[in-house]
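Hi,

Here is the structure for you to look over. My notes follow below it.

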Amino acid sequence: MSPRGAVPRDATKVQDRGWAWMVLLAVVLLQGLTLGFPSCIGIFFTDLQHDFHANNSETSWFPSIMVAVLHAGG
């Protein structure tokens, strides 16, 4: 009989067999790619503004909607 409060030996066995690290790596990679995308696409806004003769206020709606959909979806 084990002392009171002691954890049985079978309960301390690792249950996920290392898959938790793979899930963590996948989540970090996915977050890095999806949250980094709106920042990287911003470099094209200056070319679009020049081509369409638009100013910052006319093109600012696009990244705002993209980030809102990215955070709201899921």
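Leaving aside its neighbours within four places in sequence, which residues is L70 in contact with? They are T34, L35 and P38. Please keep in mind that this is a predicted model.

L70 itself sits in helix 4, residues 61-72. Its relative accessibility is 29%, so L70 counts as partly exposed, since the cut-offs are under 20% for buried and over 50% for exposed. L70 and L35 are 35 residues apart in sequence. In space, their C-alpha atoms are 8.0 Å apart.

Now the length of helix 1, which covers residues 19-41. It has 23 residues, and at 1.5 Å a residue it should span 33 Å. The end C-alpha atoms are 33 Å apart, so the two values agree.

The UniProt record, an unreviewed entry, lists residues 20-45 as "transmembrane region". In the model, that span is 88% helix and 0% strand. Its end C-alpha atoms lie 39 Å apart.

One backbone angle to check: H53. This residue is in the loop between helix 2 (45-52) and helix 3 (56-59). Phi of H53 is near 50°, a positive value in a residue other than glycine. Most residues other than glycine have a negative phi. H53 counts as exposed because its relative accessibility is 71%.

Best wishes

Note on methods:
Residues are numbered from 1 along each chain as its sequence is written. This is a predicted model: local features need pLDDT of at least 70, side-chain atom pairs count only at pLDDT 80 or more; totals for chains, interfaces and linings use all residues. Side-chain values use heavy atoms; hydrogens and water are left out. Helices (H or I, at least four residues) and strands (E, at least two) are DSSP runs, numbered from the N terminus. Buried means under 20% relative accessible area, exposed over 50%, partly exposed in between (1.4 Å probe, protein chains only). Contact means heavy atoms within 4.5 Å. The expected span of a helix is 1.5 Å times one less than its number of residues. UniProt positions are given in the numbering used here, feature names are shortened, and annotations may be inferred rather than shown by experiment.
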